[in-house]
Amino acid sequence: MPKPPGFEAAAITAAAHALASGEPLERAAAARLSRMICGELAARHPGRSIELRVPPFAAVQLGMDEAGAHRRGTPPNVIELDAATLVRLAAGSLAWEDARAEHLVRASGIRSDLAAFFPLTTPSRTDAPAPPRGPDSGPTGSPQDSGTR
């Protein structure tokens, strides 16, 4: 089995823009992006309590929390969606709640809400830039002690 592709946020964003302009995903691109996104989700959310299916391209088991680790067969929480919906969710051009409301996602089980898993292309909390410092802030961002109280 070939090694899954590395995560390429720019490729996902570009595909989401193309989808927004009405261009369909080519089959090879849909397969590559589905596998890439599923691989990234598995890396970020390891576990066996949720199965995410993107037929016919990918399926992955994920974890949401410590509860509900499934040992055999199909987990009780199953989500199925097409590649275009997965790309749009990963890019942030479609919210989980909107995908559910538009019936683009089929989900069952008590842990089938993946709203917290998306989008994938935005910086994580640790990658986010530091908040701007005010004019009275010292080098650490805290107000400087002026010596007066």
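I looked up E40 and found it in helix α2, residues 27-44; helices (H or I, at least four residues) and strands (E, at least two) are DSSP runs, numbered from the N terminus. The model is predicted, so I note that local features need pLDDT of at least 70 and side-chain atom pairs count only at pLDDT 80 or more, while totals for chains, interfaces and linings use all residues. Residues are numbered from 1 along each chain as its sequence is written, and side-chain values use heavy atoms, with hydrogens and water left out.

**Entry 1: E40**

The E40 side chain makes a polar contact with the side chain of R44 at 2.8 Å. A polar contact is a pair of N or O atoms within 3.5 Å; within protein, one must be able to donate a hydrogen and the other to accept it, and residues adjacent in sequence count only if both atoms are side-chain atoms. Leaving aside neighbours within four places in sequence, I found E40 in contact (heavy atoms within 4.5 Å) with F7 and L120.

**Entry 2: helix α3**

I then turned to α3, residues 83-91, which is largely enclosed by the rest of the structure because seven of its nine residues are buried. The buried residues are A83, T85, L86, V87, L89, A90 and A91. Their cover includes α1 (9-20), α2, β1 (50-54), β3 (77-81), α4 (96-101) and β4 (105-108). Just after α3, I noted that G92 takes a positive phi of about 90°.

**Entry 3: the core**

The largest nonpolar core has 35 residues, of which L52 and F118 touch the most other members. Such a core is a set of buried Ala, Val, Leu, Ile, Met, Phe, Trp, Tyr and Cys residues joined through side-chain atoms within 4.5 Å. The elements giving two or more residues to this core are α1, α2, β1, β2 (58-62), β3, α3 and α4. Helix α2 gives the most, with seven residues. Not counting residues up to four places away in sequence, I listed the residues that L52 touches, among them C38, L41, I79, L86 and L114.

Key. Buried means under 20% relative accessible area, exposed over 50%, partly exposed in between (1.4 Å probe, protein chains only).
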